[in-house]
Each structure stands twice: as structure tokens, then as C-alpha cells.
Amino acid sequence: MTKGLFITLEGPEGAGKTTIIDMLLNYYQEQEKKIIKTREPGGIPISEKIRSIILDPKHTEMDARTEALLYAAARRQHLVEKVIPALQSGAIILCDRFIDSSLAYQGFARGIDMEEIWQINQFAIGDVMPELTIYFDLDPRVGLARINNTSGREINRLDLEKIEFHELVQQGYYRVIEKFPERIVKVDASKSLEQVFHDTIDIINRFLK
């Protein structure tokens, strides 16, 4: 059994998750809480290497099922090596993406049955699921525009997909929210960064009470 708290943050490209996670980390560190930030795919050396394969813009020939399996493999190693030990130590984990991304991106948007993606990931994660997931909702066109206007931001293979793909991702997330309404809370990511941060803090603090 885990003793910590597993929180994941989800959303389309350009929704601001990474920035918000950094702000949350600083906020809770100031409160002297034991908190760790991480990301998927990645977070540890093996999973970061898998990430570089998945997101390399040159790998346009990658098959959708290969992509899904690589995400699941990176997720498994990340859990075993970093997330589970941190939870067992009593830490709060803030993770940028988790299984819901696979359901939305590799499942719905890629045209693979979401139940198949779910089964692949059940093998990878076992019974480890987030207690809370915050979904940052944003029009895909706005998110992609933000990326294009942000210097130094990683441009990966998924960023280069057509707008129709990103619209399907958003629809996929809505399906996931319908499946897990007790776990996933939606935040309007079109608001100012400060307002999104405060909305997120309110959600987490209500959960911690």
C-alpha cells in the first residue's frame, strides 16, 4: 500500500501543465511538504531514453501501436524506479502526464480502441493509479499557438501533428473524464496563468483536507 499522494496533471499541448507544476512545487516546498515533480514519458534515465525515441520529430514512420507500447514501457520503469518508492516514503508526487494521456492520444486520437490501450497499461501499472488528476482544458489551436510563441520550448513529434489530431486528443480526454469523473477535475486553462494556478491550488488543498 502507498502512503503518499499521487497527483497527475493532464491536458493538450500548450495547456501550461509544466509551468503550473513548477509553481506547485515551489508553493508546497515553502509549506515544507515532501513533494516530488516528475514527468511522462521520462522522469528517470531509462524512460527519458524511451521518450527521446517516441518524440523525435524524425520518427514520422512510427506505428501507432509501437508508440503505445513504448509509452507503456516507459511508464512501467518510471513507476518501479521512482513513483512507487516515493509514494512509499510518504511523498506527494506531481506527475506531468500518466495513463490518461495514453488513452486520449494513443487511443482515441490514433484510432485504437481505448479499451486496448487500457489493457496494455494495466499490465504496465498494476494497481497504481493517481488519487487525483487535474485536466487543463484548452482549445487545441490556442495551445499550439502558445507553443509556437514560446522560445526554447521543446518541439516534439506530437506538436507537429495536424490540428485535427489535437482536436481528437481533446475529445479523447473528454471520454476519459466521463470514465473517471470521481478522479479527474477539469480546470479552464484559457484563464491567466495566475488564475489557473490558484484554481489548481484550491483543488489540491480541498483534496488534502
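Are Arg97 and Glu13 buried or exposed? Arg97 is buried, and Glu13 is buried as well. The close-ups below, taken from a predicted model, start with this pair and then visit other charged contacts.

**View 1. Arg97 and Glu13 form a salt bridge.** Here the two side chains meet with an N to O distance of 3.4 Å. The partners come from distant parts of the chain, 84 residues apart. Arg97 sits in the loop between strand S3 (92–96) and helix H4 (99–109), while Glu13 belongs to the loop between strand S1 (5–10) and helix H1 (17–30).

**View 2. Asp22 and Lys37 form a salt bridge.** Look for the N to O contact of 2.4 Å between these side chains. Asp22 is in helix H1 and Lys37 in strand S2 (residues 35–39), so the contact ties together parts 15 residues apart in sequence. Asp22 is partly exposed, with 30% relative accessible area, and Lys37 is also partly exposed, at 38%.

**View 3. Glu40 and Arg75 form a salt bridge.** In this pair, N and O are 2.6 Å apart. Because Glu40 lies in the loop between S2 and helix H2 (45–55) and Arg75 in helix H3 (residues 64–88), the bridge ties together parts 35 residues apart in sequence. Glu40 is buried, with a relative accessible area of 6%; Arg75 is buried too, at 3%.

**View 4. Glu67, Arg110, Arg157 and Glu161 belong to one network.** Salt bridges with shared partners join these four residues.

Methods
Residues are numbered from 1 along each chain as its sequence is written. This is a predicted model: local features need pLDDT of at least 70, side-chain atom pairs count only at pLDDT 80 or more; totals for chains, interfaces and linings use all residues. Side-chain values use heavy atoms; hydrogens and water are left out. Helices (H or I, at least four residues) and strands (E, at least two) are DSSP runs, numbered from the N terminus. Buried means under 20% relative accessible area, exposed over 50%, partly exposed in between (1.4 Å probe, protein chains only).
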